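Hello,

Here is the structure I promised to pass on. My notes follow below it.

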Amino acid sequence: SYTTDTKSKAENNKTIESLYSLSVDIKKIRRLKGWVLLQDVAYVKEIGGILKEMGADETAVANILERCPEAILHTPEEINSQRALWQLVCQNEKQLIKLIEQFPESFFTTKYHQNQKANIMFFQELGLKNNIITRFLTSAPSIFYNPVEKNKNVIETLQRNYLNLGGSEANMKIWILKLLSQNPFILLNASTTIQENLEFLQKNYFTDQEVLQLLSKLKGFIFQLNSTTMQKSMLFSKNVFKCSDQELKQLVLKCPALLYYSVPVLEERLEGLLKEGISIAQIRETPMVLELTTQIVQYRIKKLSALGYDIKSGNLESLNGTKKDFEVTYGKIQSKKERPIFNPVAPIPIED
């Protein structure tokens, strides 16, 4: 709603003077969002005052306004409403100002205030803890812009399908909350997409129990896919590993990435492994290695090779897992290699 025609307008001197008085770097704003300085009305002193009142020092206020200069275009009433809203889930103003410093754009998006409020209350009723809701507000703010009915509809679709797949009423709440915590973006999908993807898995002979297992393993990412890409990825894996439908199903259950990643991604990762001298048979035995990027695989192989560990002749389990998992595996191989053959504390036999 703000004009971005920079040619016909001059900068607002009053705005610039007010920003200078708050030690804001005007050059940064000119470079990033110069249009803000052209607006006829700005609330620099008022917004700066509210931030200070909340506990921000001069440096923090300057940083916030440099990163999100459009903050000064909101009225004090809008910002105070937003402040009251975020206080519903923040422990105190100290935590709130820290979040604003880290994620100013999320806080200063006041356009969807009523939807944000309704969604915060809905998530609280659902049983999500306030610390999870604050994480959503900062890292996935778009889910609060939906009308609350849309989010309720998606949750109801998930609950209905969970029960239809044989999940128990007693575990349903925990399952939903875990799924949301892992991937709040599932709320941006249409209920029909969720339904279609679950039906696709059932048509491909996954049992209800296996579909539930996949949903948990994929952390809800399955809802961001579509049947066409899943079909292509499965067909690609079937051809590469030369396996039957039943064997393919077992591979997908072992490594849901075969379902989730597109064909070009799987191709690139497969080529990277083959270049390292790893065989298709080894990959089929440990398909989870395809969850790793080519760069990570190369780095891990290099580290293991330096210890004299030959990945071509062993299994690929040692490459798998998170960074932490790999470090534990690497540490075990390293200590095994360094362990002396003799026991250094045993008495040395001496002939008489």
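A residue is called buried here if its relative accessible area is under 20%, exposed if over 50%, and partly exposed in between (1.4 Å probe, protein chains only). By that cut-off, 45% of the 352 residues of the chain are buried.

Some ground rules. This is a predicted model, in which local features need pLDDT of at least 70 and side-chain atom pairs count only at pLDDT 80 or more, while totals for chains, interfaces and linings use all residues. Residues are numbered from 1 along each chain as its sequence is written, and side-chain values use heavy atoms, leaving out hydrogens and water.

Overall picture. The chain has 20 helices and zero strands; these are DSSP runs numbered from the N terminus (helices H or I, at least four residues; strands E, at least two). The radius of gyration is 28 Å, well over the 20 Å that the globule rule gives for 352 residues, so the chain is more spread out than a compact globule. That radius is taken over C-alpha atoms, and the rule is 2.2 Å times the number of residues to the power 0.38. Along the principal axes, the C-alpha atoms fill a box of roughly 90 × 65 × 45 Å. Contact means heavy atoms within 4.5 Å. Of the contacts in the chain with a separation of 6 or more, 73% are between residues 24 or more positions apart.

Now one residue. Thr15 sits in helix α1 (residues 13-21). Thr15 is buried, with a relative accessible area of 3%. Beyond its neighbours within four places in sequence, Thr15 contacts Leu37, Gln39, Ala42, Val44 and Ile72.

Then a helix pair. Helix α14 (residues 227-241) packs on helix α15 (residues 245-254) at about 110°, with the axes 10 Å apart. Axes are lines fitted to C-alpha atoms, for helices over the stretch in contact, and angles run from 0 to 180 degrees between N-to-C directions. The two helices are therefore roughly perpendicular (65 to 115 degrees; under 35 is roughly parallel, over 145 roughly antiparallel, the rest oblique). From α14, the contact uses Met234, Ser237, Lys238 and Phe241; from α15, Asp245, Leu248 and Leu251.

A second pair. Helix α12 (residues 191-203) and helix α13 (residues 208-217) pack at about 130°, again with axes 10 Å apart. That makes α12 oblique to α13. Leu198, Leu201 and Gln202 of α12 meet Asp208, Val211, Leu214 and Leu215 of α13.

Best wishes
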